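Visitor: Hi, I'm new here. Could you show me the structure and walk me through its aromatic rings?

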Amino acid sequence: MIKLRKSTMEDLSTIEKWVKNPEELMQWSGPAFQHPINHEQWKNYIEKEDQLVFTVISKNSSTLVGHIAIGRIDWCRQKGRIGKVIVSPEERGNGLGENIMKCVLNHAFRELKLREISLGVFDFNISGIRLYEKVGFKKQRLLMNHRRIGQETWNLYEMSMTSHNWVYQSRNVFD
């Protein structure tokens with residue numbers, strides 16, 4: 001079991017240990033941060049007005065086990081974008097990512113009353129794509145050569161989900 005809480009400056013020291021190089025940073029955050037992440041970058045990130053930034057805490061141990069954000073919130077159009085999804089290396093492969101996504105989607109659709117959530121995922125992140133599809137996201141398009149990292153260019157899938165699909169698919173899950 002997990003709980004979400006608003007991220008703080010203190011969370012940076014744990015999260016930066018999970019992201020060891022510029023490639024991992026790009027995969028986690030896109031161009032939002034420069035490696036290594038510093039306190040000023042983190043402060044600007046957690047204080048942005050159009051996003052909610054969550055730290056994921058294990059209810060059993062009170063340990064920080066993940067991070068996720070709902071950004072680019074457009075209250076008029078009732079849209080947002082999931083980003084910066086990361087699970088601690090020790091917890092990967094245990095289903096925690098699915099729990100995090102379900103919690104944040106439930107919050108976005110039921111509490112915030114958003115109508116659509118999107119996200120971007122690099123095409124080589126097969127486990128991420130499987131996770132997002134499992135919780136109900138659909139691929140919308142593939143952006144070829146979307147990001148350059150070192151000598152490589154990475155392709156990005158744009159995925160989205162509507163509140164209607166979430167409510168239909170998650171009935172009885174949270175009630």
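Guide: Happy to. One term to begin with: buried means under 20% relative accessible area, exposed over 50%, and partly exposed in between, with a 1.4 Å probe and protein chains only. This is a predicted model, where local features need pLDDT of at least 70, side-chain atom pairs count only at pLDDT 80 or more, and totals for chains, interfaces and linings use all residues. Residues are numbered from 1 along each chain as its sequence is written, and side-chain values use heavy atoms, leaving out hydrogens and water.

Visitor: Okay, is W42 buried or exposed?

Guide: W42 is buried, at 0% relative accessibility.

Visitor: And how many aromatic pairs are there?

Guide: Rings of Phe, Tyr and Trp (its six-membered ring) pair if their centres lie within 6.5 Å; planes under 30 degrees apart are stacked, over 60 edge-to-face, and the rest tilted. That rule gives 9 aromatic pairs. One of them is F33 with W42, stacked at 6.1 Å centre to centre with 25° between the planes. F33 is buried too, with a relative accessible area of 4%.

Visitor: Which residues do ring pairs link into a cluster?

Guide: W28, F33, W42 and Y45.

Visitor: What about F109 and W166?

Guide: They form a tilted pair, 6.4 Å centre to centre and 35° between the planes. F109 is buried at 5% relative accessibility, and W166 is buried with a relative accessible area of 2%.

Visitor: New topic: what lies over the face of Y157?

Guide: K139 does, at 4.4 Å from the ring centre. A charge sits over a ring if NZ of Lys or CZ of Arg is within 6 Å of the ring centre and within 35 degrees of the ring normal.
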